[in-house]
Amino acid sequence: QTKRSLNVFDRLESEVRSYCRSFQTVFTKGSNAMLHDRNGKTYIDFFAGAGALNYGHNNPHIRTKLIDYLLEDGITHSLDMATDAKETFLLRFQETILKRRGLCYKVMFPGPTGTNSVESAFKIARKVTGRTNIVCFTNAFHGMSLGSLSATGNAFKRGGAGLPLSGTTFLPYDGYLGPLVDTTALLEKLLQDPGSGLDSPAAVIVETLQGEGGLAAASGKWLRSLERICRDNGILLIIDDVQMGCGRTGTFFSFESSGIQPDIVCLSKSIGGYGLPMALTLIKPEHDIWKPGEHNGTFRGNNLAFIAASEALRYWDDDRLAKQIRNHAEVIRDFLSRMASRYSDKIIEIRGKGMIQGLVFQQPEDASRLCKLLFERGVIMETSGPHDEVAKLMPPLTIEAEMLQKGLQKMESALVDMYT
Ligand code: PMP
């Protein structure tokens, strides 16, 4: 009661200042794309836990499985022990996701978060190649621990902590130097030139679409070129699919349409199905050179997450969800195109793909203004990009068509009010 009357979370989200505090209320309930707050107000969720809630809040199919499991005294935590829940997940992931896509990976549990997956990817790449350096890209986001933060192209996120660590080299992402410059040519040139200072890297880490860095997307051609350069130089290619994986861009893995086969894939966020912490690192069988105990972590054994994750994979048994994503993505794209042409002096371009798309504003503060207005009107949306210049739409993949429309209508009227 004391806490409630102080209402501290209304203002802070947590008790320290490192959070952005954009959503100043206290949320109480959620179902699919709908949230409720303590004051009885409802919100449409166009944020989806930054991609951790692709299957919506309290997905009823997943919830039933979780409740049944708990009522049957299922093991909830099993560090270092095999369980039914783990086995079921692994078999289903191999069958439903990897085999159907002709992909061959061993699944590793690196810890509960995306950051853990990235760290484990760096570690395995360094172990396999015997090299230490990592190539990463402008505006990338890979996590908040020292290694992953070092590969994150955002000085603000480093929080003045004196990073990056040595051995990380930033190169321009696809499009960074304009649409006509193929920045992979720079990597190739640097690798061939002993005077470039780029010592043989262990790995190149890249997002196919930069979720935090402003929704820039790499073309298939650029990714294929990157893959070839990695192969030619004995460098492992890591795709960080933490935010773009699990269907966000339209296919389970975001790199599927490019035809590349990365050496390592990082997955987290929605892999846990119900917003439960879980991460995977997919590695090629020949790179499985771990000795027992060389990479551990207490919460790798979160069996509730395995139960939720197994049920979430059911969405990939057939192509119904993929179809729905395509339909929703088209609706979003049409809407954004309409807004971009109506406010062509205010909106620079549309970025993104599938169910992560956004508007790039001429004045960066307009993106934040829009999100603030939307919050007041019952839509949760965040900004992205180095200057927070992109308003980013990222609803649950399972959002109902009417709810999506309703959210877009609110966005339209917010834009009208901003610019008239
Ligand atoms: N990689 C990418 C691409 C991400 O978007 C994020 C989270 N936003 C991470 C890694 C880190 O994941 P986590 O916050 O779960 O540690």
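Strand arrangement

Guide: In an open sheet of four strands, the order is β11-β12-β15-β14 and the pairing is antiparallel. The edge positions belong to β11 (347-353) and β14 (382-384); each has a single partner strand, so one side of each lacks a neighbour in the sheet. From one strand to the next the twist averages 30°.

The model is predicted: local features need pLDDT of at least 70, side-chain atom pairs count only at pLDDT 80 or more, and totals for chains, interfaces and linings use all residues. Residues are numbered from 1 along each chain as its sequence is written. Strands (E, at least two residues) and helices (H or I, at least four) are DSSP runs numbered from the N terminus. Two strands pair if DSSP finds at least two bridges between them. Axes are lines fitted to C-alpha atoms, for helices over the stretch in contact; angles run from 0 to 180 degrees between N-to-C directions.

Opposite Val360 stands Val390 in β15.

A further open sheet has seven strands in the order β4-β10-β9-β8-β7-β5-β6, and its pairing is mixed. At its edges are β4 (106-108) and β6 (168-171), which pair on one side only. Direction ignored, neighbouring strands here are turned by 20° against each other on average. Strands β9 (residues 264-267) and β10 (residues 280-283) pair over four antiparallel bridges, and Leu267 has Leu280 in β10 as its bridge partner.

Helix α9 (residues 220-232) lies across β7 and β8, at about 145° to β8.

Helix α6 (residues 114-129) also gives the most to the shell around the ligand, with three residues. That shell has 15 residues, the closest being Thr113, Gly114, Thr115, Val242 and Gln243; a residue is near a molecule if its C-beta atom, placed from the backbone, lies within 6 Å of it.

As for the whole, the protein chain has 13 helices and 15 strands. Its C-alpha trace spans about 60 × 60 × 45 Å along the principal axes. Of the contacts with a separation of 6 or more, 71% join residues 24 or more positions apart.

How values were computed:
Contact = placed C-beta atoms within 7 Å.
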